[in-house]
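Student: Could we go through this structure term by term, setting each value against the cut-off behind it?

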Amino acid sequence: MKKSLFTLAFLLLVGFSSTAQKVEFEEFDLDNGLHVILHQDNTAPVVITSVMYNVGGKDGDRERTGFAHFFEHLLFEGSENIERGEFMKIIPANGGTFNANTSQDRTYYYEIFPSNKLELGLWLESERMLHPVIDQVGVDTQNEVVKEEKRQRYDSPYGGLFQAIGSNLFKVHPYKDPNIGYMEHLDAATLAEFNAYFKTYYGPNNAVLVVAGDIDFAKTKKMVKDYFSEVKRGPEVVRNFPKEEPITETIKAKEYDKNIQIPAIIATYRTPGFASRDAYVLDMISSYLSGGKSSVLYKKLVDQQKQALQLQSGNIGQMDYNIFALFAIPLGDTPLDTILDEIDEEIVIMQNELIAERDYQKLINQFENQFVNANASIAGIAESLATNYLLKGDVNLINKEIDIYRSITREEIQAVAKKYLSPNQRVEIEYLPKKDDQ
């Protein structure tokens, strides 16, 4: 969802140091199961109210994909006390900004206000949770919004990359389906199905509320209880997703995109979820391979050998399985296989030799910088607190995560590269221009 205003943007960075400082927080639970995390920073008159729900693209009937993303939009329609369309007018009218986003694992809503509007932010989020209006008018309206988003994002050049990866890397786990869902599923869904989905996943016991910024703990606790205690506990969400069989032989696939003229090559691996230690090591491996213009693959294939127009690796974090992917667009007539061979050459070197001490120290510096930046604003702190509680099971990772990266050794980088990044463990996707007759 892209509806943010920026009237408070300059305040979000006020008072934060360029060095990492411990983030203090308090936690408590309401009787209905809502977990609440409070963080106080009185250096700027700004407050964020945010709710993360433990529901994402992976949840729900596989014949009704895309519901979580659809609700990201639908729950801005209004409530019993907020007229249709007024939700998104109230916030800027009171000097605030807002947004929401959905992943395969969770949905996140937030508002940023001047701190004297804290109560308004809590009321808005309680209205969304307590009694939103879910009717046919709203469903029809947001159906068109989602279709337009798909046209803009997924039907753009290379916009189908992630769907191509998901559908080929996963066979049984719901990560195989795109987060936005299939439009025919949304078209076929009934109003009763949308209401049932809300009752299943949007209860207080399936969410975390974070309030951060210029707050008073005692007053904020009272307001939270006043606004959210009335919400009834929802059913306990039980998940039992099917497990994927390990990949033991290279899988080759072809996907087509009518919006491109230059092909691409993707090598993608199914790796452990983001709470595992190996996932942190793979983060570092990804940065080593293509994190910036001084990375080994960028220097080799883009700068020196002029074989790639664009090159990128990424360790895409998810709860159940991460996706480690290498993506390249060739320059000129360079064959896709040649680029893949050159990439494999560097991975083999990683598997057989320790990376240079200088490169290792550069990686540590990069991750320290990323850690500081992630917690350099109230908005960043709030999202980190919510994510660490709801998805990783440890709120204090906001303070400890950098120590995990610092503890990773060169030997561990070598071992993890050996463990996960061999050709027989991956899917190789040729991402090709689609011709009229295909």
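Tutor: What follows is a set of questions about labels and the values they rest on. The model is a predicted one, in which local features need pLDDT of at least 70 and side-chain atom pairs count only at pLDDT 80 or more, while totals for chains, interfaces and linings use all residues. Residues are numbered from 1 along each chain as its sequence is written, and side-chain values use heavy atoms, with hydrogens and water left out.

Student: What makes Phe-70 and Phe-194 a stacked aromatic pair?

Tutor: Rings of Phe, Tyr and Trp (its six-membered ring) pair if their centres lie within 6.5 Å, and planes under 30 degrees apart count as stacked, over 60 as edge-to-face and the rest as tilted. For Phe-70 and Phe-194 the centres are 4.9 Å apart and the planes are at 25 degrees, so the pair is stacked. Phe-70 belongs to helix H1 (residues 67–74) and Phe-194 to helix H7 (residues 191–201), so the pair ties together parts that are 124 residues apart in sequence. Helices (H or I, at least four residues) and strands (E, at least two) are DSSP runs, numbered from the N terminus.

Student: Why is Phe-70 called buried?

Tutor: Buried means under 20% relative accessible area, exposed over 50%, and partly exposed in between (1.4 Å probe, protein chains only). Phe-70 has a relative accessible area of 0% and is therefore buried, and Phe-194, also with 0%, is buried as well.

Student: Why is the pair of Phe-170 and Tyr-175 called edge-to-face?

Tutor: The ring centres of Phe-170 and Tyr-175 lie 5.5 Å apart and their planes are at 70 degrees, so the pair counts as edge-to-face. Phe-170 is buried because its relative accessibility is 1%, and Tyr-175 is buried because its value is 3%. A search of the whole structure finds 23 aromatic pairs.

Student: How do you know that Lys-225 lies over the face of Phe-28?

Tutor: A charge sits over a ring if NZ of Lys or CZ of Arg is within 6 Å of the ring centre and within 35 degrees of the ring normal. Lys-225 is placed at 5.9 Å from the ring centre of Phe-28 and lies over its face. Arg-270 lies over the face of Tyr-321, at 6.0 Å from the ring centre.

Student: What makes Lys-58 and Asp-105 a salt bridge?

Tutor: A salt bridge is a side-chain nitrogen of Lys or Arg within 4 Å of a carboxyl oxygen of Asp or Glu. The N to O distance between Lys-58 and Asp-105 is 3.0 Å, so the two side chains meet that definition. Lys-58 lies in the loop between strand S3 (46–53) and H1, and Asp-105 in the loop between strand S4 (97–102) and strand S5 (107–114), so the pair ties together parts that are 47 residues apart in sequence. Both Lys-58 and Asp-105 are buried.

Student: How do you know that Glu-383 and Arg-106 meet in a salt bridge, and why does Glu-383 count as partly exposed?

Tutor: Their N to O distance is 3.2 Å, so the side chains of Glu-383 and Arg-106 count as a salt bridge. The pair links distant parts of the chain, with Glu-383 in helix H13 (residues 378–390) and Arg-106 in the loop between S4 and S5, 277 residues apart. Glu-383 has a relative accessible area of 29% and is therefore partly exposed, whereas Arg-106, at 8%, is buried.

Student: What makes Arg-406 and Glu-368 a salt bridge?

Tutor: The side chains of Arg-406 and Glu-368 are 2.9 Å apart, N to O, so they form a salt bridge. Arg-406 is in helix H14 (residues 397–407) and Glu-368 in helix H12 (residues 357–374), so the pair ties together parts that are 38 residues apart in sequence. Arg-406 is partly exposed because its relative accessible area is 43%, and Glu-368 is partly exposed because its value is 26%.

Student: Which helices do the buried residues of H14 pack against?

Tutor: The buried residues of H14, among them Leu-397, Ile-398 and Tyr-405, pack against helix H9 (277–290), H12 and H13.

Methods: Contact means heavy atoms within 4.5 Å.
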